[in-house]
Amino acid sequence: MVLKIFFPFCCSSAESGLLVGRWISEQNSAVILAVIHFPFIPGQVKQYLFKLQHMTQVNMTVLGSWTNSKQPKEESLERFLEDLGAIFSHDPWVQLSKEKDSKFWSCVATQKLSDSNEEDEIVLIYYDQRKVMLSQLHPPQWSIASNDQKTVDSSRLTVVFDTVAKSKLLFMRDQYDEGPIKLTHWQSEGVEASIIVELLKQASVPTCMLITFLLSLVSGICKSRALTIWPLSFIWSKLSTCQQLGHRLQHLQIISSSRKAPNQTQLMRKANIFLSILIDVALGILLMSWLYQKNRIGHLANDLVPMADHVAQQLQSLLQWLMGAPAGLKMNRALDQVLGRFFLYHIHLWISYIHLMSPFVEMILWYVGLSACLGLTVALSILSDIIALLTFHIYCFYVYGARLYCLKIYGLSSLWRLFRGKKWNVLRQRVDSCSYDLDQLYIGTLLFTILLFLLPTTALYYLVFTLVSLLFLGVWGGGKVGYNSGRGEFCIPPPFYFVLKKD
Amino acid sequence: WQKVLYKRQPFPDNYVDRSFLEKLRKNIHARKYQYWAVVFESGLVIQQLCSVCVFVVIWWYMDMGLLAPQWLFGAGLISSLIGYVIFDAVESGIGKSQSDQSQWADLKNAVVFLAFTYGFSPVLKTLTESISTDTIYAMSAVMLLGHLIFYDYGANAAIVSSTLSLNMAIFASVCLASRLPCSLHAFVMVTFAIQIFALWPMLQKKLKAQTPHCYMVITLLFAMSALMGLLTVSSVGTVLFALLLVSISCLCPYCLIRLQLFKDNIHGPWDEAEIKEDLSKFLM
């Protein structure tokens, strides 16, 4: 008859001791659940096992001995182990031993009562206790209860599963318990991690509550009336930093809410947000550590002001060119001069502002750099805001040019209708003919003529400043992409958690 | 015999009855023109041509510096006042009730004209500085031609648009005024353009409706003065312009009446239906 021994993986590195498990006599197999280490007092072991049997309803006994010898074999130990067989009378008495530097185990099953001396074949079956526990395959009680012959046949393994599952109580004890008996089983590995996890679980609830409270405080301040009156709310909506911080606040609120996620998708989402925030913050801290080395911020600040100066000079020369006769275009000289001087004065203002700011730039950058610890995205959005503020004059030029051009085009289109004796009928959304008075006609035509002859000048200014601002948009495309995606893409965290789980 | 195809009739297929074309009518709408009446009506075209001619001549005088703007402004003001008085007299002659309100409105309009023109005249002066003179001349010529084409000569046609024609004349005058040496010149020029292109035709129409003989005389005098003015600028141009005027006032009516004889317009039951009745009462 074949003797089957189910042996757990985790015990293969255990110290020598006794094999504890269940003997399933009808299948002639032994399911080993744990190893009890030396030294022990046999009486206590028996008592302990009896108690466990009572609680778990599993017929747990000492099945044999386990030797994991570091030294070469000793005769006395073998004798001792055989003697143990006498103390814990079990039939058959299994002796498993593993030697150092050897791949092979020796396995001996001694049967005392049987008369026959013939050796049984022994099959050693490794199983992973942890997986069996987690597989949830074990307790199909009802299938056994169905009294089907086939089920009984096929449920040979089920008994094994069932045994492992029922002896949960055995695994609850770990090696740090101050008991007379020391055991090795699947739970005894990685105990430290599980303790940390337990601690974290305990700590997470108050932490979440604290964070929720703080967040509600912050969002309450943000929503307060003083900060949402008209000009301020407009500024908030234009600054990408504020938007980024708003998204971050929302994410934190989602994570720290104490309510359980209703379904798998929500759980996934939460985990994703949590991981992305972690990664973000880690990248931000990396950036910070890079920035604050070797006085990099000082270099940056020193380069910034000359760069702004250079840009302003280029713009000034561009305006001088426009105020002449650019490309031989027929511009209106008076309007050209007026516009050119207006923009030159604007640049002058900007430059004096920058020079006024220059002593503080390094300090500002130093403090702004600290914000990187909130995350890389926050740092990027602040960078984009700074760039937007530094190139604000160019954007202003574009806005002036565009507004002027737009006004002119609107005026021309409506005066062109007047010129032809037509008007725009608002009620019917169409152009109707209309009889104007003489003075209306006269003034309209006068204005039409003036606007028509001034159109090339404004159109050129509009074109040039649109191109310049497009150029700047292109140069700072990265920052701007961050600025724009701060509204759209970045608020959806990348699915880090999903990827990790797949792996 | 019946003029139907759906009946079998005892005639060959190519049979044409005598009653086949009995409903044919010829030249129903043709009008018999009187030669002198047509010449009288052509006075409008003559007047408008002369207006453009006078305007261009005056502009030329101003551009050359031969005419002081103050003189022109004074003359324009006086002639406008006289014209206004005549206009009033003619209007009261037909018995329309004269109210102070319309005079106030006229005064207000005049003030608006003068103020706006005076305010914008420096702008007008520098408006086309950088544009070449030839472009300006070409643009003005096109605009004045457009003014003559779209002018309301009394014809009932789709092309006629008095608004457009007046606007084109003002545009041309602004273009030409911007070439003048100083802003006072530009102001006076644009004012003169308003007088000659907007106010003068109004007076003409009134005169033509009320006193045809007087209108005849005035047209002749105006044409003579335009020719005299052109003579001081260029003799060849005068001859050509005189020929043009004569051909329009004498030759063209003669041609029209002669060509009327060749008119051969047929009408019949095949014409498309014309709605004679005024349907607007049903539409209301």
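1. Contact here means heavy atoms within 4.5 Å. On that basis, among contacts in chain A between residues at least 6 apart in sequence, 71% join residues at least 24 apart. Chain A holds 19 helices and 10 strands; both are DSSP runs, numbered from the N terminus, with at least four residues (H or I) for a helix and at least two (E) for a strand. Of its 503 residues, 36% count as buried. Buried is under 20% relative accessible area, exposed is over 50%, and partly exposed lies in between (1.4 Å probe, protein chains only).

2. A note on the basis of the values. The model is predicted: local features need pLDDT of at least 70, side-chain atom pairs count only at pLDDT 80 or more, and totals for chains, interfaces and linings use all residues. Residues are numbered from 1 along each chain as its sequence is written, chains are lettered from A and ligands numbered from 1 in the order in which they are written, and side-chain values use heavy atoms, with hydrogens and water left out.

3. The interface between the chains. Chain A brings 22 residues into contact with 31 residues of chain B. The area buried between them is about 2,400 Å², where buried area is the accessible area (1.4 Å probe) that two parts lose on being put together, summed over both. Carbon and sulfur atoms give 77% of that area. In chain A, the most area is lost to chain B by A:Phe419, A:Tyr442 and A:Phe453, together 30% of what that side buries.

4. Polar terms at the interface. The count of salt bridges between chain A and chain B is zero; a salt bridge needs a side-chain nitrogen of Lys or Arg within 4 Å of a carboxyl oxygen of Asp or Glu. Six residue pairs are in polar contact across the interface, both residues at pLDDT 80 or more. A polar contact is a pair of N or O atoms within 3.5 Å; within protein, one must be able to donate a hydrogen and the other to accept it, and residues adjacent in sequence count only if both atoms are side-chain atoms.

5. Elements on the chain A side. Two elements of chain A give two or more residues to the side that touches chain B: α16 (392-419) and α17 (438-475). The largest share, 14 residues, comes from α17(A). By type, the residues of this side divide into 14 nonpolar, four polar and four charged. Nonpolar covers Ala, Val, Leu, Ile, Met, Phe, Trp, Tyr, Cys and Pro; charged covers Asp, Glu, Lys and Arg; the others, Gly among them, are polar.

6. A:Lys330. This residue lies in the loop between α12 (296-323) and α13 (333-357) of chain A. A:Lys330 is partly exposed, at 44% relative accessible area. Neighbours within four places in sequence aside, A:Lys330 is in contact with A:Pro456, B:Ser130, B:Ile131 and B:Ser132. A:Lys330 and A:Pro456 are 126 residues apart in sequence, yet 7.5 Å apart in space, C-alpha to C-alpha.

7. B:Thr191. This residue sits in helix α7 (residues 183-210) of chain B. B:Thr191 is buried, with a relative accessible area of 11%. Residues up to four places away in sequence are not counted; B:Thr191 then touches B:Phe73, B:Leu114 and B:Thr117.

8. Annotated spans. In chain A, UniProt (unreviewed entry) places "transmembrane region" at residues 273-292, 338-357 and 364-391. Positions follow the numbering used here, feature names are shortened, and annotations may be inferred rather than shown by experiment. Residues 273-292 of chain A are 95% helix and 0% strand, with end C-alpha atoms 28 Å apart. Residues 364-391 of chain A are 79% helix and 0% strand, with end C-alpha atoms 17 Å apart.
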